[in-house]
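Here is a short tour of a predicted model, written to be read with the structure open beside you.

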Amino acid sequence: MRKIYMLFSGLLMLISGAGMAQYQVIMNFDSTNGRLPEFSSLTLIGNTLYGAASFGGAKDSGVVFSVDSNGGSYNAMHQCSGASGTIPSGALLPVGNWLYGVTVVGGAHDSGAIYRIHPDGSGYKDLFDFGATSGFQPLGKFVFSGSTLYGATFIGGALNGGVIYSIDTDGTGYNDLHDCVPATGVNANGNLVLAGNTLYGTFIGGGANDSGAIFSIHTDGSGFKDIFSFNGATGKYPRAAVTLSGNTLFGTTTNGGLLGLGVIYSIDTDGTGYNDLHDFLGSNGAVPYSNLSLSGTTLLGMTTSGGANDSGCIFSIQTNGGFYKDLHDFTGSTGYGPVLNSLTLSGENMYGITPGGGTKNDGVIFRFKDAALSVDNITANSAGINVYPNPSKGVFTASIKNYEPGVANVEVYNVIGEKVFNSQLSTHNAQFSINLSGQPEGIYLYRAIADNGELIGEGKLVIQK
């Protein structure tokens with residue numbers, strides 16, 4: 001029998017601009033102030049947001065900017081140009097009185113650059129230009145320790161699979177820590193996390209199954225290890241970085257999983273204990289490109305597509321896999337399709353960027369606030385479903401636990417998203433049967449939803465005949 005990881009969830013509720021949930025566009029990009037911020041996220045210092053637009057500005061090569069958290073006092077801190085780097089990427093990292101960032105291309109060799117700038121927009125300096133041996137197209141946000149920055153390039157290096165590198169904050173001491181190869185992973189996300197002397201990150205491609213991988217490496221370049229290779233069923237193409245909490249890494253894949261629309265996963269830092277926390281269905285989001293943000297035991301993120309308008313959504317989920325919520329569905333006019341644009345959290349406010357939508361369809365900066373769902377105060381719902389035997393020949397026995405009496409609708413979907421079972425249950429804690437004996441062998445997804453929209457539980461069923 002194959003081991004099945006059960007996914008226990010709590011509340012699934014569509015939250016739009018109604019009620020206490022508030023989604024607000026605080027700034028529209030309009031080409032002059034930047035456009036298409038596809039690879040950027042915001043950094044909040046005090047009441048000021050710092051970020052970068054990939055294109056637009058004076059030379060249509062990108063803009064490094066600041067703006068108040070209420071959308072006022074926009075400042076184009078730096079107009080990007082070819083000589084000093086173009087297409088700024090990732091979030092800015094504050095170190096001392098500097099902000100550090102990267103550009104995807106431009107610089108002396110048109111291969112990307114590392115720069116720093118004061119928060120008031122003065123002192124911009126191109127610290128390092130990437131080239132033939134040092135890698136091309138740096139992505140993401142630096143991680144910092146002592147006086148050293150750590151990052152990764154998407155391609156380039158000795159085998160053109162990208163480079164994991166370190167560099168001093170003054171731009172000297174560049175060190176190629178690892179040249180990426182297909183067997184263990186290529187095309188690093190660029191956002192690394194640091195625990196002690198170990199860096200963790202993701203490769204979009206390569207690995208044992210050519211579906212991407214999670215890696216670890218010591219800060220001195222030793223001990224590189226592919227700690228987990230995705231295989232499609234466990235997810236495919238982790239374009240987002242990992243998020244670290246204790247000894248557990250959390251992340252998403254843009255593809256793979258039950259319906260091929262991506263998964264949310266957790267895994268121990270030693271590569272054991274992989275757990276598929278959630279499979280995206282399309283209706284509740286699909287294709288998550290953005291990094292997860294962590295508040296207590298709550299993970300928050302965004303999907304590029306899916307949701308009510310197929311324009312992506314903001315979601316939350318508990319670190320144990322419970323309490324998944326589609327918090328907000330993007331629309332074309334107010335922003336859509338976030339790509340590597342992670343949420344920035346501050347109390348019950350979430351700030352973010354979308355590369356599409358807005359008044360000029362050049363993207364927006366938004367704030368999402370919900371007093372009833374404060375990201376610092378969300379608690380897990382303990383309700384869940386017990387299902388057995390699993391796998392079975394098609395007939396499963398199930399019961400809902402720790403749930404107040406009320407009507408629940410039990411649904412089962414096959415791998416192409418067709419509903420193959422639907423039944424109402426009105427008795428609390430009673431056993432009930434899920435009869436799929438007429439269905440072929442394979443993996444199925446079940447969900448139990450209360451009459452008030454609450455997702456009581458979900459998971460996978462396996463038929464083996």
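## Gly-352 and its surroundings

Setting aside neighbours within four places in sequence, Gly-352 is in contact (heavy atoms within 4.5 Å) with Leu-42, Ser-342, Val-364, Ile-365 and Phe-366. Gly-352 belongs to strand β28, residues 349-354; strands (E, at least two residues) and helices (H or I, at least four) are DSSP runs numbered from the N terminus. Its relative accessible area is 1%, so Gly-352 is buried. Here buried means under 20% relative accessible area, exposed over 50%, and partly exposed in between, with a 1.4 Å probe and protein chains only. The C-alpha atom of Gly-352 is 6.7 Å from that of Ser-41, although 311 residues separate the two along the chain.

## How the model is read

Residues are numbered from 1 along each chain as its sequence is written, and side-chain values use heavy atoms, with hydrogens and water left out. As this is a predicted model, local features need pLDDT of at least 70 and side-chain atom pairs count only at pLDDT 80 or more, while totals for chains, interfaces and linings use all residues.

The predictor's confidence in each residue, pLDDT, runs from 0 to 100. The protein averages 87, and 89% of the residues score at least 70. Residues 1-19 have pLDDT below 50, with 68 contacts in the model beyond near neighbours in sequence. Over residues 375-382 pLDDT also stays under 50, and there the model has 20 contacts beyond four places in sequence.

## Overall fold

The protein has 36 strands and 0 helices. Of its 465 residues, 60% count as buried. Of the contacts with a separation of 6 or more, 48% come from residues 24 or more positions apart.

## Tyr-50 and the aromatic pairs

Tyr-50 sits in strand β3, residues 48-53, and counts as buried at 8% relative accessibility. Not counting residues up to four places away in sequence, Tyr-50 touches several residues, among them Ser-41, Leu-42, Phe-65, Met-77 and Pro-119.

Rings of Phe, Tyr and Trp (its six-membered ring) pair if their centres lie within 6.5 Å; planes under 30 degrees apart count as stacked, over 60 as edge-to-face and the rest as tilted. The count comes to 22 aromatic pairs. Phe-230 and Tyr-274 have ring centres 6.3 Å apart and planes at 80 degrees, so this pair is edge-to-face. The pair links distant parts of the chain, with Phe-230 in the loop between β18 and β19 and Tyr-274 in the loop between β21 and β22. Both residues, Phe-230 and Tyr-274, are buried. Elsewhere, ring pairs link Phe-128, Phe-130, Tyr-165 and Tyr-174 into a cluster.

## The largest pocket

A pocket is an open set of points on a 1 Å grid over the protein atoms alone, where a 1.4 Å probe fits, with protein on both sides within 12 Å along at least five of seven lines; lining residues have an atom within 4 Å of a point. The largest pocket is lined by 30 residues, with Lys-141, Asn-191, Asn-291, Leu-292 and Ser-342 nearest its centre. β10 gives the most to this lining, with 5 residues.
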